[in-house]
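Subject: Model for your files

Hello,

Here is the structure I said I would pass on. My notes follow it.

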Amino acid sequence: MKKSFIYLITLALSILSCSETPPPKPIGPLPAARQLAWQEMGYYAFIHFNMNTFTDMEWGTGGESPAQFNPTELDTRQWARVAKDAGMKGIIITAKHHDGFCLWPTKTTEHSVKNSPWKDGKGDLIKDLSEACEEYGLKFGIYLSPWDRNNANYGQPEYVNIFHEQLRELLSNYGPIFEVWFDGANGGSGYYGGANETRKIDNKTYYEWDKTTEIVRELQPDAVIFSDAGPDVRWVGTEEGFANETNWSIMRRDEIYPGWPRYKELRSGHEDGTHWLPAEVNTSIRPGWYYHPREDHQVKTLSRLVRTFYESVGRNGNFLLNLPVDDRGLVHENDVAQLMALRNQLDKDFAHELAKNIEVSASNTRGNSDRFAPQMVNDGNPDTYWSTDDGVVSASITFDFDTPTEVNRIVLQEYIPLGQRVKQFNVSAEVEGQWQKLDEQTTIGYKRILRFDVVNATKIKVDIVDAKGPLTISNIELYHAPKLVTLPQISRDKEGMVDLSVADKSVEVFYTVDGSTPTPDAIKFERPFLIDAPTTVKAIAFDGETNTKSESSSQYFDVAKKNWKVISVSSGNIEEAGKLIDDNPDTYWATDEGVNRPQEIVIDLGAEYTLKGFTYAPIQTRYPFGIIMDYEFSASTNGKNWNMVSQGEFGNIVNNRIGQTINFSPVRARYIKLKGVRVDGEDFRTSFGEVGIISE
C-alpha cells in the first residue's frame, strides 16, 4: 500500500515535470560567472597615477629616480569618494606602468615607492587604495604593465619570473581583485638598467601567458583578465570611447594576441566567435592618460561624456573612464565637476521607468508558458526572460500605455547566460493610430540603449527580425529623458559668420550682442549671423518644457579675417600658414624644425585699423610643441617701417594653454608681426594656433 502510494506520487511528479516547457538550449559561447559579474558593473574608474604624473610624460623612459615620486596631498579616500559619488562601481589603478616604477613596496625591484620620499619610503599606495575602495563599497582592480623599461633583465627569461612574482604580490596581499589589466604595449626602447637600448620580444609567447593566467586563476579566481585577447575581457579597439553599433560579446579569440594588428575588429566582435570575450570601452576624461597641467582646460564636455556613456554601456560594453590624478595626489576639481555633471544628467535620463508592470504582449511565447511570458521583460527580475518556441527567431513584443506617453529612450537586455542571439531588430511607436519606426539596429547583448526623438506613444513595439535561435529577452525599459541643456559653443568662421551650437538640437539658444546677459526674451538663434566689428556675443541654452537654462557663455570677436593674409614667415610652408588666421582654434601652423633663431610671421590685415591689442592662442594638440613663451609684437602701416608696440611673457602658457590677450597703447596699422623670442622646445620651432587683433 505504502509502496503503491509512493509510486503514484513519483509518477505524477514525473508527468508534471515532463509537461513543463523546457528552457531554450544555450547557443554559442557562454559567459563565465566572473564575466557576468563584470558585465553588471557597467561603469568604473581607471586611475593613471604613477611616475609619469611627476615627469609630465605619458610613457616614462624607465630611467627616472624614485625620488621624483613625491605627492604632497595624496588621498586615496578622495579618489574613492569621487568615484562613488559619480556612480562608478570600482577603480583600476596603474600599479606599474611601462617605466617600471611600482606603487607598492615590492621585493622584486628597488624602483618603487619604498625608495621614494613619499611617507619616507614606508608607503604602500596599493594598500591605501584597496582599503579606500572597501570603505566606499567599490571593487578594486589592478593594471600591471608587462613591459618594464627600467628592468635590466627585460627581454630575458629572468624578467618573466619577476613579472610573475609582481603579479603574485598584487593578487595575494590586497584583498579581492575584480579585474587584472594587461596593456598591449610591449617591447621597445628603454633605460633597462642603464643599457639605454631597444629590446624586442615576441609578445605572443614571451610573457608565458598561460602561466600568467594560471596565477590569476589560482589567486583571484573571480577576477576577469583584460587584454586585446582577454581571455575574459577585450579592448574595444579604440581609445576614443565607443563600441560599434554592432557589438558581439564573442570573438575568434585564438586569432588575437596583445598588439593584434586587426584591432578594428575588436569594436564589433565576431558573429561567429568561438569564445565569450565582451568589450571594455576605455577612454580618458582628458586628452592624456596621465595628468598634465596644460590640459586643465581640456576636460571632456558634458555632452561628450554623455555620448560616451550611450556608445559604451549603451552598446553592449562596459565604460572604463580614466581619471588622471594630479601631482598633489588628488582627482582634479575640474574633473570632479564634469563627473558630477555626468552623474546628474544620467540620473535625470533614467529617473522614471515607464514600462514597469504595464500591459505587454508578444506574437509568440515559448510553449505558451507563464515562465517565458512577455511579462518577464518588465517584472524587474534579471533572472526571468521572455522566450519563443524553438525555430522562432523572429517575433515582436508590444507595450500598451493606458494614455499617450512621451518616450525617447529604450533599454533592452538579452538573457546572456544562454548566449547572445539577436542579429537584427526594430523599435516602433504607435502615435495617433499610426505606426512609425524609431530605430533599426543589429545586436543587443547584455545591454543596448537607444536614443530617439520624443514620441507621444500609445504603444511601443520591438520587432526582433533575426536571431541565432529562440529569443531570450530578460529586460526592456522605457524612459522620457529631459533635453540635454549644455553651455552653448560660440564660433566664427573666417568670413565673420557666427554659429551657436548645443549638444541637443531640440534645445533653444538665445543670444545678445550688446554685452548684456541673455534671457529667453533675447534674440533666438536660428541661423549663423555676421559679426565684422568688435563685439561680445553672449548666449544661453534654454528648455522651455522644464524651464531649464544654462549659464551664459561669452566670446569676443574683432574684425572678420576674410581679407587677412600671411605674407611672410621665417620658415615653414607659407601656403599652409592660413591656418593661424582661420578663426578655428583647433587648427595650427608651425615653422620648420631645427631652426636656430627666433621665428616670426607677418600678416596683412587687408585694411588699416587702430589697434589696441593682440591675441595669441597656443596649439591645442595632445602633444604640443613650439608654444611662444616670450614674444615681440610689432605694427606697421606700410609693411616696411615697423614699430615694436609690445614685448613680454605669456605667463604659464605651457601649463595653461588658453588664449592670451595683450593690450597696448593705440596705434594705426595694416600689418602686424609676431615673433617667438623664447619658445617651449629644444630649438626655435614655433607654433601658432590662432593670431588676432583688438581694434577700436
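Glycine 613 sits opposite isoleucine 694 of strand 35. Strand 30 (residues 599-617) pairs with strand 35 in the antiparallel sense over six bridges; strands here are DSSP E runs of at least two residues, and helices are H or I runs of at least four, numbered from the N terminus. Two strands count as paired if DSSP finds at least two bridges between them. This is a predicted model, in which local features need pLDDT of at least 70 and side-chain atom pairs count only at pLDDT 80 or more, while totals for chains, interfaces and linings use all residues. Residues are numbered from 1 along each chain as its sequence is written, and side-chain values use heavy atoms, with hydrogens and water left out.

Six of the six residues of strand 35 (residues 690-695) are buried, so the strand is largely enclosed by the rest of the structure. Buried means under 20% relative accessible area, exposed over 50%, and partly exposed in between (1.4 Å probe, protein chains only). Glu690, Gly692 and Ile694 point one way from strand 35, and Val691, Ile693 and Ser695 the other.

Tryptophan 642 lies in the loop between strand 31 (628-636) and strand 32 (643-649). Tryptophan 642 is partly exposed, at 28% relative accessible area. Setting aside residues up to four places away in sequence, its contacts (heavy atoms within 4.5 Å) include Val602, Ala635 and Tyr671.

Elsewhere, eight strands close into a barrel with parallel pairing, in the order 1-2-3-4-7-8-11-12. Strand 1 (residues 43-47) pairs with strand 12 (residues 317-323) over five bridges in the parallel sense, and isoleucine 47 has leucine 323 as its bridge partner in strand 12.

Isoleucine 47 is also among the contacts of tryptophan 79, as are Phe49, Leu125 and Val331. In the largest nonpolar core, which has 75 residues, Trp79, Ile93 and Ile126 touch the most other members. A nonpolar core is a set of buried Ala, Val, Leu, Ile, Met, Phe, Trp, Tyr and Cys residues joined through side-chain atoms within 4.5 Å.

Arginine 149 is buried but has no salt bridge, and the nearest side chain of opposite charge, glutamate 64, is 7.2 Å away. A salt bridge is a side-chain nitrogen of Lys or Arg within 4 Å of a carboxyl oxygen of Asp or Glu; Lys and Arg count as positive, Asp and Glu as negative, and His and the chain ends are not counted.

Regards
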